[in-house]
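Here are a few notes to read alongside the model. Have the sequence and the 3D view open as you go through them.

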Amino acid sequence: MSPHRRVAVTSPQTRLAHARRRHRTAWRPPTMDPAEVRQALRVYRAQRARAVAALGTLFGLLLGLPVLLWLTPGWDEVRVLGIPLSWIAIVAIPFPAMVVLSHWQLRRAERAEDTE
Amino acid sequence: MIAVFAVAPVVLLTLLVGLRGVAAIRTTSDFLVASRRVSPLLNSAAVSGEYLSAASFLGVAGLVVKDGMGALWYPVGFTAGYVAMLVLVAAPMRRSGAVTVPDFAEARLASTPLRKLAAVTVLVIAGLYLVPQFRTAGLVLSVVSDGPYWVGVVIAAVVVSVTLAVGGMRAATYVQAFQFCFKLVLFIVPAIWLLLQVGPQVRHEAVHPVEFTHFTRETPVDFGLEVTLLLDEPLTARTGDGAPLDIPAGEYRVAEGSTVVFPAGAPVPGIRGGAAPGGPDWQRPLLDPSHAGHPLLGTWAVLIATMLGTMGLPHVLMRFHTSPDGRAARRTAAITVGLLSVFYLFPGIYGTLAKVLVPQLYLSGATDTAVVALPSQVDAGPTGTVFTALLTAGAFAAFLATSLGLLLVVAGAISHDLVPGGLARLRFTVVAAAAVVVLLALPSARLDAGVLVTWGFTVAASTFCPLLVLGIWWPRLTAAGAIAGVAAGLAATAGAIVATLLGPPVSGWPAILIAQPAPWSVPLAFATMVVVSLFGRPPAWSQAAMLRLHLRERHDLGAGRGADPGHSSFSARRSSAARRILRRLGR
């Protein structure tokens, strides 16, 4: 929630009328300040680079792990605490890795927005 | 009795929590996106609560019994979708200021036809997803209470539509967040109890699976649907009321609704298109459901469909619009990944235990009921009944939370995008849509819920995923390109569905690609959008429309804008001024 929320002071009837008519307003092209445009372009490029890196890691992990398990049928015989290693690998590798990846990406994406 | 104890508290709690969320609702935006004031933690609990449908609560464990350990890739794909959402979609989409996905399409590309097409796509996805939810609610209730199927369907529809029509998205948010905690407890506690209760012998068998070739004890199997059994040798079994039943060798058709009691030591009959659980293929951690001999391709196809499909699910996307700003939406996605990861540690436990205790479910195709069937196998006394009731309650909560979100996007698509109307019409649409879904769900008790939901994911992956990704990251996207891409994705998945239902049987890798078309239909939709857009010319404002999505919202309006005299005619804010700058910087 933003600290300074601006509230339009109108009568309930006016508010209702606005609400009813809002979807009929004509679409207007978006406008931006020149300063905002420069900054948006900078943020866009920074975010794009970070997104490509994060997405590459995600796809590498998720599409690579089945290949690894396919190439190493021996993992079915190796047992940790009695459980086949290949079964553990489907659960214990992807989920922690995705949690770490999402927090890493969250911090990087927020930092990219903060540098103004 | 179990049904009353399990379902009545869930229904009452849903209505109570829903009513707690009822607040003054005056505008469409209040109704559809809860006035955009939902904090990241609450929103991520609501997203997870909405997302953990029957497919997760019951379906994954059932798929483990049916298809093997590789079915654990489904939850990985379900969770990975939120990582992709965090990286690509969450924050920019929220900044568009849209309320629904069709709204976003119009805000970015200013095309009314695209908005209508997107609204129709929402209806297709929600229909594919919503009918199985209602159907499974009816089935689970009829199994535990011996009541008729339609009662469960109608109970689900009434609870969901009343909560929504009265409280809108705000009520749905509280209900879904509450039901996430509810489901998490009701999934984890019975899992731990089962593990402790089954004894070392079953635990050993669970991790050292042997192929299910002979019945170890006298086993009654209820055939809810007609099934063709394949027998190598004749077999004398009994019917449900004790009469002897001679089954000849070869193919034997079991009638719908009959019970067959197989004697101990008898060989397990085969079924068409399925392999007995526990075999060497079952133990491999890769997914090959159609036994096409390409486990790697099968696993990849499922991962791509679930991951990209999650990114395009309209009811999940709508939840992100309830965040106050783009950052909150992104944080919501990150927390959701953590919450789902905790939940998805447990379906494997249910699946491996069900393989040992109720492997015969694969004969009747009722593997979806494996989770609910487990407690009574472990403890025939009152404790087992209590845990059956707890799991039934969790499953029912799963239907309710998912149906809430889906019904809301259906209402939004109809009376916000297709035929824009006021608040009263939205409330009415919710009830009317619920009635239509009940009518659709009543004759579809025989449909396979997992297949319908997978199609829903595939349609979402090949329509909204490319629309959102290109709309947010590619300034040259045109409205014509977007329309062509969405239409191509819809046509490709519809073609694959028709081919699955009516087409000739195929084998090998084409079978995987027809049953699971995401690996080719998603690239096709992306390619169509790019190629058609490159032939056209994006309008002058399109780059600004895209860049705006990546700029942080200004909460301190007025500050840091010294040059702006404050009236709207300030020349530097015209789109031509922005374009001049972009031309200079964009090179």
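1. Helices (H or I, at least four residues) and strands (E, at least two) are DSSP runs, numbered from the N terminus.

2. A word on where this comes from. This is a predicted model, where local features need pLDDT of at least 70, side-chain atom pairs count only at pLDDT 80 or more, and totals for chains, interfaces and linings use all residues. Residues are numbered from 1 along each chain as its sequence is written, while chains are lettered from A and ligands numbered from 1 in the order in which they are written.

3. Who meets whom in that pair? On the H4(A) side, look for A:Phe95, A:Met98 and A:Leu106, among others, and on the H13(B) side for residues including B:Arg327, B:Ala334 and B:Val337. Contact means that C-beta atoms, placed from the backbone, lie within 7 Å. By class, this contact has seven nonpolar, four polar and four charged residues (Ala, Val, Leu, Ile, Met, Phe, Trp, Tyr, Cys and Pro count as nonpolar, Asp, Glu, Lys and Arg as charged, and the others, Gly among them, as polar).

4. Chain A itself has four helices and two strands, in the order α-α-β-β-α-α. Of its 116 residues, 24% count as buried (20 or more other C-beta atoms within 10 Å of a residue's own, with C-beta atoms placed from the backbone).

5. Over in chain B, have a look at B:Val486, which is in helix H20 (residues 479-502). B:Val486 counts as buried because it has 24 C-beta neighbours inside 10 Å. Beyond its neighbours within four places in sequence, B:Val486 is in contact with B:Leu117, B:Ala118, B:Thr121, B:Thr463 and B:Leu467. Other buried residues of H20(B) include B:Ile483, B:Gly489 and B:Ile497.

Key: Contact = placed C-beta atoms within 7 Å. Buried ≥ 20, exposed ≤ 12 C-beta atoms within 10 Å, placed from the backbone.
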